[in-house]
Amino acid sequence: MNTIHKAGALIIKDKKILLTKSHGKSIYITPGGKYEKGENTEECLRRELKEELQVTVKSFNHYKNYHFEKDAYREMPLDIELYFVEIEEEPKVSSEIESMEWLTKEDIENKKVNLAPSFDTFLPDFIKDGLL
């Protein structure tokens, strides 16, 4: 079975993380997406964040890699690499994104929005590492 490979952007400001929800989807995820053929991480993050949030990547640094037995939307394994990303402009939803939210640790713990199942794994790491 093929594995889905994604790069996810951790855009954090004032102990809040930016999450997005695509049109027709029910859950919020980190901005970013699947690698296109031949793309490196920088190219993928720059393309995805321009498409989704109309922003330019100023810098990015690797955080952690995660493997999940199934993607939130498909019965396929998922490998996601998370990166701290600094952006130049204020993010704005694009035609690809239905909504975005800046969420605190408490918002996530209290399930203010419907999150991807991967946040059950991500959140303890984010808290332990002092991100939120």
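What covers the buried residues of α3? In this predicted model, the cover includes β1, β3, β5, β6 and α2 (105–109).

**Helix α3**
- The buried residues of α3 are F119, F122, L123, D125 and F126.
- After α3 comes G130, which has a positive phi, near 70 degrees.

**Nonpolar cores**
- The largest nonpolar core has 23 residues, of which I17, L82, L115, F122 and F126 touch the most other members.
- At least two residues of this core come from each of β1 (4–10), β3, β5 (57–68), β6 (78–87) and α3 (119–128).
- With four residues, α3 supplies the largest share of this core.
- Another core, of 13 residues, lies apart from it, and C44, L45, Y83 and V85 are among its members.

**Residue I17**
- Leaving aside residues up to four places away in sequence, I17 touches L10, I11, I12, E101, W102, L103, I108, F126 and L132.
- I17 belongs to β3, where I12 stands opposite it.

**Open sheet**
- The order of the three strands in this open sheet is β2-β3-β7, with antiparallel pairing.
- At its edges are β2 (12–13) and β7 (97–103), each pairing on one side only.
- β2 and β3 (residues 16–22) run antiparallel and are joined by two bridges.

Key. Residues are numbered from 1 along each chain as its sequence is written. This is a predicted model: local features need pLDDT of at least 70, side-chain atom pairs count only at pLDDT 80 or more; totals for chains, interfaces and linings use all residues. Side-chain values use heavy atoms; hydrogens and water are left out. Two strands pair if DSSP finds at least two bridges between them. A nonpolar core is a set of buried Ala, Val, Leu, Ile, Met, Phe, Trp, Tyr and Cys residues joined through side-chain atoms within 4.5 Å. Buried means under 20% relative accessible area, exposed over 50%, partly exposed in between (1.4 Å probe, protein chains only). Contact means heavy atoms within 4.5 Å.
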